Amino acid sequence: MVASFLYSAVRTPFGRYNGAFAEIRPDDLAATVVSAALEKSPSLDPAAIDDVVWGNANGAGEDNRNVGRMAVLLAGLPTTVPATTVNRLCGSSLDAAIIGSRAVESGDADIVLTGGVESMTRAPWVLPKPSRAFPAGHVTAVSTTLGWRLVNERMPKEWTVSLGEANEQLGERFAISRERQDEFAARSHTLANDAWDSGFYDDLVAPVSAHGEVLLSRDEGIRPGSTPQKLAALKPSFRPDGAITAGNASPLSDGASAVLIGSEEASSRIGLAPLARIAGRGVSALEPQMFGFAPVEAAERALKRAGISWSDVSAVEVNEAFAVQSLACVDAWRIDPATVNTKGGAIALGHPLGASGGRILGTLAARLRESGERWGLAAICIGVGQALAVVLESAA
């Protein structure tokens, strides 16, 4: 069987909601990171890319109508390079990498560019289309930035609670305190800031410019002065007496990521040695309101398919949609928390939905390269009760 390998990864800095990227269209963000991915492989003929698989969660505005194909065209790739866009909400770009790796392993492709994009700032309001023309009553515009919208009335109410309320329920179920959540969040900011200062992200992040001016070169949401004590002063966001705040949950964000995947034989055409082999994949699902806990089973399935156990894993990347769900997963896996998100996570870096899977996969490969260790796992929770996980084996 043909193996699939991760050759390179790059992303934009992640901008805060209504921040540095507020005036940048999502298809332009996607095109920027496509170009950045090709710059990392200057000997690769873009026409040799067999397919582009792109992730996007919202798709209701300027990211409509197959934003992956739009990115290819805007980046100036040959019109012969095809592209598709996939939507598994927060896991979209990790799903894109999974799909790309399967294409390589099946022999359907030799080189696949994968990635994803989200502009939560520019996600539009939408109006439901009336069944008859010119209704006399009022019509409410619905935000497409995050969460449930235009919900089918047949959906059980317990499934369609807000993402925050769902994670308050998760915290109650597993008795995860506000203090633990704030400590985890402060750690994320500290480690992200340290990673940037040490140069870890220099090769993983491409600055974004417009009109000859650099808009952002470093993740906009990092707060290096965060402490558990400062975070403890924030008010709960979803319940008057709740534990989840703006400080221990990931922010609304804008950004894009890309991961280049190919066969071992493609190395000469790509012009790079592979960083890691994609060794195992897992997908799982449970009740929609329990989505934060879904990575537990996805990771177990990915490990089984890689033929390893948790004792073999040296590096773990969990997206950090919320501190509480990250802690619930780490507790369930019974792993050393010191192996998790050592370069910060989404609470500090940001969570542009369609781009986050590519971010954690690229960060994981870079961590393995830096440490020289063999096995790593990336996992991400997904709204409406799903999760994905990927095991990497270092190629070094």
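**Reading helix α5 and the annotated site**

Analyst: Helix α5 buries Arg 178, Gln 181, Asp 182, Phe 184, Ala 185, Ala 186, Ser 188, His 189, Ala 192, Asn 193, Ala 195 and Trp 196. Buried means under 20% relative accessible area, exposed over 50%, and partly exposed in between (1.4 Å probe, protein chains only). Helices (H or I, at least four residues) and strands (E, at least two) are DSSP runs numbered from the N terminus. This is a predicted model, in which local features need pLDDT of at least 70 and side-chain atom pairs count only at pLDDT 80 or more, while totals for chains, interfaces and linings use all residues. Residues are numbered from 1 along each chain as its sequence is written, and side-chain values use heavy atoms, with hydrogens and water left out.

User: Which elements do the buried residues of α5 pack against?

Analyst: An α-helix has 3.6 residues a turn, so residues three or four places apart point the same way. Here, the buried residues of α5 pack against α6 (228-232), α9 (323-333) and α10. Contact means heavy atoms within 4.5 Å.

User: What span should the 21 residues of α5 have?

Analyst: The expected span of a helix is 1.5 Å times one less than its number of residues. For α5 (residues 178-198) this gives 30 Å, and the end C-alpha atoms are 30 Å apart, which agrees. Just after the helix, Gly 199 takes a positive phi of about 90 degrees.

User: Which residues other than glycine have a positive phi?

Analyst: Most residues other than glycine have a negative phi. Arg 65 has a positive phi of about 55 degrees; Arg 65 sits in the loop between β3 (51-55) and α2 (67-74) and counts as exposed at 70% relative accessibility. Leu 150 has a positive phi of about 45 degrees. Leu 150 belongs to the loop between β7 (142-143) and α4 (163-174), and is exposed at 52% relative accessibility.

User: Which residues does the UniProt annotation "active site" cover?

Analyst: UniProt positions are given in the numbering used here, feature names are shortened, and annotations may be inferred rather than shown by experiment. The unreviewed UniProt entry places "active site" at Cys 90, His 351 and Cys 381. These residues span 292 residues in sequence, yet no two of their C-alpha atoms are more than 11.7 Å apart, so they gather at one spot. Cys 90, His 351 and Cys 381 also belong to the lining of the largest pocket.

User: Are His 351 and Cys 381 buried or exposed?

Analyst: His 351, in the loop between α10 (346-349) and α11 (356-371), is buried with a relative accessible area of 4%. Leaving aside neighbours within four places in sequence, its contacts include Cys 90, Met 120, Ser 250 and Asn 319. Cys 381 lies in strand β13 (residues 375-382) and is buried, with a relative accessible area of 3%. With the neighbours within four places again left aside, the contacts of Cys 381 include Cys 90, Phe 291, Gly 292 and Gln 386.

User: How many residues line the largest pocket?

Analyst: On a 1 Å grid over the protein atoms alone, a pocket is an open set of points where a 1.4 Å probe fits, with protein on both sides within 12 Å along at least five of seven lines; lining residues have an atom within 4 Å of a point. The largest pocket has 31 lining residues, and Ala 246, Ala 249, Ser 250, Pro 251 and Leu 252 lie nearest its centre.
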